[in-house]
Amino acid sequence: MTASQIYKVIDRTDDRGNIARIRLVPESGEAPARFEAGAHLDVYLPDVDLWRQYSLCSNPAETGFLEIGVLKDPNSRGGSDAVHRAAVKGATFKIEGPRNHFPLDETATKTVLLGGGIGVTPMIAMAERLHALGKDFVLHYCTRSEDVTAFKDQLRAAPYADRVVFHHDDQDEDQRLDLARDLPAPDADTHLYVCGPQGFMDWVITNAEAAGHATPNVHREYFSADVDASGDSFEVECAQSGLTVEIGPEDTIVRVLAKHGIEIEVKCEEGVCGTCITDVLEGEIDHRDQFLTEEEREDMDQLCACCSRGKGKLVLDI
Ligand code: FES
């Protein structure tokens, strides 16, 4: 289990589109943890007893604070609401990280950043880093309308403002993101990064791959997912303890094992954060997460125990 640290809110700005921009420093007075572009923080929300992941949107070169942007999302399970209520100046949060499941390939000759709504947050840290490295990049930022476009003023004033292209659903067709027009030709040294609502991500990923961009060059970060964790019953054997249990159609591995005293750490519980990754020794996995890459899925030697299932019997290395 990773050590947590208490961070204090030193500033909060309510930006357009119901997005709270929250600056944090360790309560202890130490310097904030350093991070790489694409990293996130795990933030514990005691009111709703949930851990939530928020991408860092500050400049990775910034040493004075860490900044996250949090959308107040009416469809969330209460996490974003709890942050908006609690994150007042001086409030404290238990935090783990930074962790980076969305690292930037700094060797790319061309980088395309595609952020949908709040999915722009990791892209801002990436844009800062790519600009500092003098790299060729473009940031496409898609929102419903200019009125809900957080970070707009910052991005317009950024030293790389000429590399930021805004796209708004409620404006002329020709300024909307057109993947056939706006994506570069596929190339081994061209990398795409996408983060946003699931429909936006699916659209970008499907079109990019159909256009010939290699799957490993299309990097993705899901911040939530509609995960269906139900399915046929299967058996799980825990190799270390010798326990064997049945996972029913509506059960998950994590929930059933917890009832038998075997705790697997979870955070998102919807297959996007990777906290619950568990090694699999035998059996066919029915992957339901958005976290593992295609190659990792095909290896069939690990699964996200919060949502993925098995066919027949799985033997886990726990
Ligand atoms: S708890 Fe996040 S992927 Fe399982």
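Visitor: Which lysine forms a salt bridge with glutamate 96?
Guide: In this predicted model, the closest N and O atoms of the pair are 2.8 Å apart. The cut-off for a salt bridge is 4 Å, and the rule finds one salt bridge across the interface of domain 1 and domain 3. The partner of glutamate 96 is lysine 267.

Visitor: Which strand supplies the largest share of the side of domain 1 that touches domain 3?
Guide: Strand E4 (50-55) and strand E6 (92-99) each supply at least two residues of that side. The largest share is three residues, and it comes from E4.

Visitor: How many residues of the side of domain 1 that touches domain 3 are charged?
Guide: Seven residues of domain 1 are in contact with seven residues of domain 3. On the domain 1 side, one residue is nonpolar and one is polar. The charged residues there number five.

Visitor: What area is buried between domain 1 and domain 3?
Guide: The chain is divided into domain 1 (5-99), domain 2 (110-221) and domain 3 (234-316). The C-alpha centres of domain 1 and domain 3 lie 29 Å apart. Carbon and sulfur atoms give 44% of the area buried between these two domains, and that area is about 510 Å².

Visitor: What is the omega of the cis peptide bond that joins glycine 97 and proline 98?
Guide: Proline 98 is found in strand E6. The bond between glycine 97 and proline 98 is cis, with an omega of about 5°.

Visitor: What is the phi of aspartate 49?
Guide: Aspartate 49 lies in the loop between strand E3 (40-45) and E4. Although this residue is not a glycine, its phi is positive. The value is about 50°.

Visitor: Why is the pair of phenylalanine 102 and tyrosine 193 classed as it is, with its planes at 70°?
Guide: The structure holds five aromatic pairs. In the pair of phenylalanine 102 and tyrosine 193 the ring centres are 5.8 Å apart, and rings pair if their centres lie within 6.5 Å. Planes over 60 degrees apart count as edge-to-face. The planes here are at 70°, so the pair is edge-to-face.

Visitor: How many residues apart are phenylalanine 102 and tyrosine 193?
Guide: Phenylalanine 102 is in the loop between E6 and strand E7 (110-116), while tyrosine 193 is in strand E10 (residues 190-195). The pair thus links distant parts of the chain, 91 residues apart.

Notes: Residues are numbered from 1 along each chain as its sequence is written. This is a predicted model: local features need pLDDT of at least 70, side-chain atom pairs count only at pLDDT 80 or more; totals for chains, interfaces and linings use all residues. Side-chain values use heavy atoms; hydrogens and water are left out. Domain bounds come from an automatic or database domain assignment. Contact means heavy atoms within 4.5 Å. Buried area is the accessible area (1.4 Å probe) that two parts lose on being put together, summed over both. A salt bridge is a side-chain nitrogen of Lys or Arg within 4 Å of a carboxyl oxygen of Asp or Glu. Helices (H or I, at least four residues) and strands (E, at least two) are DSSP runs, numbered from the N terminus. Ala, Val, Leu, Ile, Met, Phe, Trp, Tyr, Cys and Pro count as nonpolar, Asp, Glu, Lys and Arg as charged, and the others, Gly among them, as polar. Rings of Phe, Tyr and Trp (its six-membered ring) pair if their centres lie within 6.5 Å; planes under 30 degrees apart count as stacked, over 60 as edge-to-face and the rest as tilted.
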